[in-house]
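The following paragraphs lead through one structure, from its sheet to its helix pairs and then to a few single residues. Keep the sequence and the model in view while reading.

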Amino acid sequence: MIGISKLYCDSVEPSDALRYGRRSRDLPSHLLQFAEDKKPVVVWNMTKRCNLHCAHCYARSDETAGEGEMGTDQAKAMIDDLARFGSPVLLFSGGEPLVRSDLLELAHYAVGCGMRAVISTNGTLITREKARELKEVGLSYVGISLDGTQEIHDRFRGVPGAYAKAMQGLENCQQEGLKVGLRFTISRRNQQEVPAIFDLLKDREIPRVCFYHLVYSGRGSELIKEDLDHDETRRIVDLIMDETRDMYVHGLEKEVLTVDNHADGPYVYLRLLRENPQRAEAVMELLSYNEGNNSGRGIGCVSWDGTVYADQFWRNHAFGNVCDRPFSQIWTDSGIELLSRLKDKKAHVTGRCAGCRFLPVCGGNFRARAEAYYGDIWAPDPACYLTDEEIGLK
């Protein structure tokens with residue numbers, strides 16, 4: 001994650017992270033990306049079931065019964081291990097996590113173990129009563145996926161009325177005092193909707209938005225030709241920065257992040273070199289704390305059947321199963337060659353990544369995209385939009 005509001009709008013300084021010792025368990029949520037120990041935030045795709053059929057779903061979710069799903073007791077054993085291991089956050093995802101009847105029980109259990117529990121949801125199943133229950137269990141955050149305004153969103157989601165239900169779910173969360181934000185995946189189908197998302201933040205008093213760059217996995221692998229080209233990506237990132245700054249100028253300090261393209265960090269830095277060189281140096285220090293892509297290190301994934309992956313988007317390489325062996329043992333097993341290499345991707349990436357001056361703060365960007373596009377785990381990420389001149393190759 002690249003915190004556009006934190007970096008570009010001066011809302012976080014390096015000293016803010018240092019004040020907490022940069023330990024995952026001690027850092028507040030808005031500073032977690034700057035942790036030094038990189039204890040993994042774990043995404044648990046707790047079910048493959050979903051009531052929608054989204055065009056870009058990395059999990060290829062559908063409405064079929066949840067064969068092979070971990071049971072409640074197995075999930076609690078996993079949570080016990082994650083809490084002891086020091087994982088600061090458990091993100092309940094899917095499919096659609098709200099279709100599982102034990103979501104509330106397990107979220108409450110995670111909070112009781114000292115973890116922060118958040119959910120990623122399409123929002124359509126969040127009734128007022130459900131929102132109240134989520135608040136009561138101590139959920140830290142609800143991220144609702146939205147692909148644009150009504151027509152665009154419903155087309156992406158494959159179900160008429162999905163937008164209206166998501167907006168009602170968002171309102172129900174707000175009425176119960178839950179922190180709620182938006183998740184938006186950018187493609188050529190909906191890039192024109194970005195200003196409308198910022199309007200929603202302002203009109204609906206939504207405190208947070210994450211803009212996801214498209215990852216070529218699951219059904220998203222069928223949208224490669226709909227990904228933005230490099231010039232389009234630069235324009236969108238500039239637009240996101242412009243809109244964020246405009247809100248800050250007018251006293252609206254929203255949290256705006258971009259996700260899954262770590263070239264965004266150096267791009268913010270390069271823009272600040274032109275606009276505010278002093279701030280640029282502070283941003284470079286923060287980016288060095290962030291270290292860019294953390295798949296297999298600062299973020300991990302457990303699937304509905306207990307399989308462990310480097311992140312939620314990259315399911316070509318499994319490292320074990322938490323039903324057979326604790327996550328903590330799998331994650332720290334130096335005998336798992338790929339997982340060990342992912343702990344230090346910088347030593348293994350090739351091509352222009354290997355010679356890039358921003359490699360220490362980007363981490364080689366997204367390996368899932370490199371493998372999907374080139375068939376090579378260590379090839380450059382094709383979505384890196386920085387020029388050879390910018391990265392120091394010319």
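**The sheet and its surroundings**

In this predicted model, ten strands form an open sheet, and their order across it is β1-β8-β7-β6-β5-β4-β3-β2-β9-β10. The pairing in the sheet is mixed. At the edges are β1, residues 2-3, and β10, residues 308-309, and each of these pairs on one side only.

A part of the sheet to begin with is the step from β2 to β3. Strand β2 covers residues 41-45 and strand β3 covers residues 89-93; the two run parallel and are joined by four bridges.

On from β3 comes β4, made of residues 116-121. β3 and β4 also run parallel, with four bridges joining them. Here L91 stands opposite V118 in β4. How much of β3 is covered? The strand is mostly covered, with four of its five residues buried.

Strand β2 also pairs with β9, which consists of residues 299-302. This pairing is in the parallel sense and has four bridges. W44 has V302 in β9 as its bridge partner.

β9 and β10 run antiparallel and are joined by two bridges. C301 has Y309 in β10 as its bridge partner. The two strands form a hairpin, with five residues between them. In the turn of this hairpin, G306 has a positive phi of about 100°.

Another strand of the sheet, β6, spans residues 180-186 and contains G181. Is G181 buried or exposed? Its relative accessibility is 0%, so G181 counts as buried. Apart from neighbours within four places in sequence, G181 is in contact with Y141, V142, G143, I144, I206 and R208. The chain also brings G181 and V256 to a C-alpha separation of 9.8 Å, although they are 75 residues apart along the chain.

The next topic is how helices pack against each other. Two packed helices are described by the angle between their axes and the distance between the axes.

α3 passes α4 in a right-handed crossing. On the α3 side the contact is made by T72, A75, K76, I79 and D80, and on the α4 side by E105, L106, Y109 and A110. Of the residues in this contact, five are nonpolar, one is polar and three are charged.

The other pair is α10, residues 264-275, and α11, residues 277-290. These helices pack at an angle of about 160°, and their axes are 7 Å apart. An angle over 145 degrees counts as roughly antiparallel, which makes α10 roughly antiparallel to α11. The crossing of α10 and α11 is left-handed. From α10, the residues G265, P266, Y269, L272, L273 and E275 meet P277, R279, A280, E281, V283, M284 and L287 of α11. This contact divides into nine nonpolar residues, one polar residue and three charged residues.

Some details of the backbone remain. Most residues other than glycine have a negative phi, and most peptide bonds are trans. Which peptide bond is cis? The bond from G94 to G95 is cis, with omega near 10°. G95 lies in the loop between β3 and α4.

A positive phi is found at D10, which is not a glycine; the value is about 60°. D10 is in the loop between α1, residues 4-8, and α2, residues 14-18. Because its relative accessibility is 38%, D10 counts as partly exposed.

R22 is not a glycine either, and R22 has a positive phi of about 60°. This residue is in the loop between α2 and β2. At 10% relative accessibility R22 falls under the cut-off of 20%, and so R22 counts as buried.

Conventions
Residues are numbered from 1 along each chain as its sequence is written. This is a predicted model: local features need pLDDT of at least 70, side-chain atom pairs count only at pLDDT 80 or more; totals for chains, interfaces and linings use all residues. Side-chain values use heavy atoms; hydrogens and water are left out. Two strands pair if DSSP finds at least two bridges between them. A crossing is left-handed if the near helix is turned anticlockwise from the far one by less than a right angle, and right-handed if clockwise. Contact means heavy atoms within 4.5 Å. Ala, Val, Leu, Ile, Met, Phe, Trp, Tyr, Cys and Pro count as nonpolar, Asp, Glu, Lys and Arg as charged, and the others, Gly among them, as polar. Buried means under 20% relative accessible area, exposed over 50%, partly exposed in between (1.4 Å probe, protein chains only). Axes are lines fitted to C-alpha atoms, for helices over the stretch in contact, and angles run from 0 to 180 degrees between N-to-C directions. Angles under 35 degrees count as roughly parallel, over 145 as roughly antiparallel, 65 to 115 as roughly perpendicular and the rest as oblique.
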